[in-house]
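Me: I would like to go through this model term by term, asking each time what a label rests on. Please set the value beside the rule before you conclude.

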Amino acid sequence: MTPLTLTADATGPSRARRTAWVPTLVLILGALYCLVPIAWVIIAATKDRSELFSTFSFAPGTGLLQNLSDLTAYRDGIYWQWMANSAFYAGFGALLSAAVSAAGGYALGRYSFRGREAVFKLILAGVLVPGIVLAVPQYLLLSKMGLADSYWSMLLPSILSPYGVYLVRIYAAASVPTELMEAARMDGASEWRIFSRIAVPMMMPGLITVFLFQFVGIWNNFLLPYVMLADDTKFPITLGLYTLLAQGASQPALYTLVITGCLLAILPLIALFLVIQRFWSLDLLSGSIKS
Amino acid sequence: MTSAPLKGSDRVEVGPLADGTGTAPSVRPSSPRRRGRSAPYWFLAPTLTLFAAFTVIPIGYAVWLSLHKVQVKGIGLGKGARAEVWNGFGNYADVLNNSEFGHSVLRAFGYGLIVIPTMLGLALVFALMLDTPKARSASFARLMIFLPYAVPGIIAALMWGFLYLPAVSPFYYLLDKFGLPEPDLFNGGNLYLSFANIAVWGGTGFNMIVIYTALRAIPQEIYEAARIDGASDLRIALSIKIPIVMPSLVLTFFFSVIATLQVFTEPMALKPLTNNLQSTWSPLMAIYDSAFLKSDIYGASATAVVLALATFVLSFTLLRISDRYTREDRA
Amino acid sequence: MLAGAAALGLTSTLAACGGSDDKDSGDSSGPVKLTYWSWAPNMEKVAAIWNKKNPDITVTVSKQASGAEIVSKLITAKKAGNAPDLIQAEYQSLPTLVSNDVLADISQYVKDAKSEFAEGAWKMVTLGTDAVYGVPQDSAPLMFYYREDLFKQHGLSVPKTWTEFAEVARAAKKAAPDAYLTTFSSNDPGLFAGLAQQAGGQWWTVDGGGKWTVGIDDAGTQQVAEFWGGLVQEGVIDNQPMYTPAWNQALNKGTHLAWISAVWAPGVLVSSAPDTKGKWRMAPLPQWKSGDNVTGSWGGSSTGVSSDSKHAEAAAKFARWINTDPEALAALVKYPAVYPAATKGQSGDILTTPEFFSNQADFYTTAAEIAATAAPSAWGPNVQTAYTAFQDGFGSATKAKKEAQFLSALSTMQSKTFDDMKKQGFEVTEA
């Protein structure tokens, strides 16, 4: 179960041999397929209003700077507020999520206690409940606590990640040796100390994975903010772009702004992937769904 | 009103061990290693508290809502014209008698029949190709194919939506140039393909990485031995690699099925572009329609509970099958 | 640069996280704080004028997604006791909101504002009762927009009646085979409702005995459905939905020669069809009987006060100000670009000819004349059910291009709406 990075040299211990053309071709076709829409959005973001619908899709336009300044000017720069909100929800939420998953998964993976399997299965079953089932009751309950339409209403429900707990459990079982824990106990270390000083560093690649999944999950979440938030200065980017797109009948969708906004909204995620990939481990049991 | 949040934070400190788990807190004074015994519960406390607060209680509330309805009196205007009343299983009867909901479930399955084999098939092929020692530009391709995972579903659907429209699409431009027939991507069966393509685009990379990672965990010596025996790359892939990554395939399949039943973003984002899409095209759209457009949270809750139960049944069946495969892996 | 911006936002976000408790600051001391849910662009600029003049009552605008979604959100918020003080509510959602007890009766504060509005507009906010559930904000009378240049080029004349409209549609198709006069969109029930109003359709009515009548499948509406279904079947009217990139392009490239829309159309055309500036002209809607002079409405909204508001009087004061004060009306025209419902907002120099229609200097004079002929609309408490049924039923009908299906879609729309009301417990009959 070696940690593995996305750009790790794929060839391994290389023996110089002739290129295998079929696999190479298949991979390049796959890469192109995945790139087409992204290339389109990059090009479309350079077009001004009239070019967007009148020029060939893959012909670059002349309006990128104008689009950027329009987007920045839109409602006094609320777009950047949405970006900052998304960064806050996703970053802080994923951090808390990784912390909670670390403790929970560690407990499930490294201790045997009564009810362990029951608890684990129960939490795992949480994956199966569609978000839409929970959203409205969550809203009504948070409202009763006076927390609806606050930053908390977006953060709190995002912290628990059943999948994160599951992943850390697997990871803890595989990467934290029992002998080491026992040895530390003999030396009189407290359970908390063992967890924080020994287990957490050893589980770090797994925790980074949890952080990333949860970051992407929260960044891409639409339903929760849609239900929870009313004040548009608290909107994350997905909901903000949606309101830009879903104008009323008397207001046309602001396509150029939406497209430029889309491009800018995916850039941080792509950048995050590129930067963090060297730390990122996806072990063989991972499997997740984007919601 | 102001005391509510306080109460909430109290529970984090005191209640979590006993709450929501169904298992007794085992802080037994007689235990020789009291500290070590209670440790797992303390570590689990935040998880369980959050699970209780944001999963168990909301589900309970949803069930409660699903058993009620609003009763209107007279013309229903003015204060007190509406009352929340007990409805027993009335909402459930409505859901099960509603042919539209049944159709939406069937459509979701039809869509899944296209998406899942294509997506996992492509993911497997790409993963095997990545794992071929002589393939060029593998790391570039790997990154590119994975990239769509970073794109929010709603934005992906939007981008493809533009690419599907004859008026703006480069594909139609090319078809037109070469005088080829131009299919209507929003018509009948093509609709399924159009949605499926978006899901495949977004999901292949992730599944590819999962399978590929499993492949990389196989010791290289196995291949060396096979090669010495004269096995081709194709032969190695088919008879060694695929069986070994089977558990990962089963797992990705399991998650894909759940995602399929919950298909929502793609049809929702494309609905305004066409007159071919029913407001209850997928089960989640039906729930959205009653909860967020018709403001009937009672009926929506009942539909949601039915869908969640169906997902549970399906998942546990699949989980049982997958357990058979993964057990040997874990042992 | 991006990271810097994000970090900057983050600190302010964190700071805000601490004390988001301003909901409870409803003491009598200090300024009254009101929240206002609106989807109109730039509404906050109008509120800023008020805030400057009234330091004791500050209004904060929260921008929402429009249409049906705001209604559900309001009803859920009301259930949780969180509804904002002020609400921008479309006329067609007023009965739904009133029925869910979201809107407060503010007649005691705004009763005497009645004289500021045309009778039809005021009727919309009273729902025919003694109560007043909002102050009318904008009207949206239907009109006929057409490409003056293309009409001239193809030798088409502006239709005065729907019969002429059908002939123009055929002639246009003949003159320009790639083009259509316009489209019938199954995604826009609001427009269909407006056309039905013109034909005398009364979808929901309350009789004296306290009973609703659902009349969606009435003679007037049937006439409209049959007319459009016939033209779509004939292939002279397009069947694609509006408000899509493809539709924008059709307008921009001139493959749609006309558009039936409301007074707010210039604002849409500016961004949908930027290349066609100065090429459009507006005329009254074609009539069913020549010599008639009546139109319907597509959209329009009011400002209501929620029943959750602790400051109903202050909120009502604002609702009245924003929709009747000359300075506010001027700002409404300037920033959110609405067509005011107040009579004094429809005349005088508040309204300047839209730049996009610089070729039609009397745009708003004509608009005011048309506005005066708007038929009253009759909305009920489950408009959304009817609208969804419209989209589903007419969606397959337009796709199939079958006139008969237009009519059966209409009767399905009727029965679904009626059944839904019956199920909810309303006293209701069918027309």
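Me: In which helix of chain A does Trp40(A) lie?

Reply: Trp40(A) lies in helix 1 of chain A, where helices (H or I, at least four residues) and strands (E, at least two) are DSSP runs numbered from the N terminus. This is a predicted model, in which local features need pLDDT of at least 70 and side-chain atom pairs count only at pLDDT 80 or more, while totals for chains, interfaces and linings use all residues. Residues are numbered from 1 along each chain as its sequence is written, and chains are lettered from A and ligands numbered from 1 in the order in which they are written.

Me: Is Trp40(A) buried or exposed, and what makes it so?

Reply: A residue is buried if 20 or more other C-beta atoms, placed from the backbone, lie within 10 Å of its own, exposed if 12 or fewer, and partly exposed in between. Trp40(A) has 20 other C-beta atoms within 10 Å and is therefore buried. The C-alpha atoms of Trp40(A) and Leu141(A), 101 residues apart along the chain, are separated by 42 Å.

Me: Is Lys52(C) buried or exposed, and how do you know?

Reply: Lys52(C), which lies in helix 2 (residues 43–53) of chain C, has 9 other C-beta atoms within 10 Å, so Lys52(C) is exposed. Its C-alpha atom and that of Lys123(C), 71 residues along the chain from Lys52(C), are 32 Å apart.

Me: Why is helix 7 of chain A called mostly covered?

Reply: Helix 7 (residues 151–159) of chain A has 7 buried residues out of 9. The buried ones are Tyr151(A), Ser153(A), Met154(A), Leu156(A), Pro157(A), Ser158(A) and Ile159(A). For chain A as a whole, buried residues make up 55% of the 291 residues, and the chain has 13 helices and 0 strands. Chain B, with 13 helices and 2 strands, has 50% of its 331 residues buried.

Me: What is the angle between helix 1 of chain A and helix 4 of chain B, and why does that make the pair oblique?

Reply: Helix 1 of chain A and helix 4 (residues 99–130) of chain B pack at about 130°, with their axes 9 Å apart; axes are lines fitted to C-alpha atoms, for helices over the stretch in contact, and angles run from 0 to 180 degrees between N-to-C directions. Angles under 35 degrees count as roughly parallel, over 145 as roughly antiparallel, 65 to 115 as roughly perpendicular and the rest as oblique. The angle of about 130° therefore makes helix 1 of chain A oblique to helix 4 of chain B.

Me: Which residues make that contact, and how do they divide by class?

Reply: Two residues are in contact if their C-beta atoms, placed from the backbone, lie within 7 Å. Pro23(A), Val26(A), Leu27(A) and Gly30(A) of helix 1 of chain A meet Val125(B), Phe126(B), Met129(B) and Leu130(B) of helix 4 of chain B. Ala, Val, Leu, Ile, Met, Phe, Trp, Tyr, Cys and Pro count as nonpolar, Asp, Glu, Lys and Arg as charged, and the others, Gly among them, as polar. By that rule the contact has 7 nonpolar, 1 polar and no charged residues.

Me: How many residues do chains A and B bring to their contact, and which helix of chain A gives the largest share of its side?

Reply: The contact takes 85 residues from chain A and 91 residues from chain B. On the side of chain A that touches chain B, the largest share, 13 residues, comes from helix 1 of chain A, and the residues of that side divide into 60 nonpolar, 18 polar and 7 charged.

Me: What makes helix 10 of chain C roughly antiparallel to helix 17 of chain C?

Reply: The axes of helix 10 (residues 219–234) and helix 17 (residues 403–424) of chain C come within 7 Å and cross at roughly 150°. That angle makes helix 10 of chain C roughly antiparallel to helix 17 of chain C, because it falls in the class over 145 degrees. Among the residues of helix 10 in this contact are Trp228(C) and Gly229(C), and among those of helix 17 are Phe406(C) and Leu410(C).
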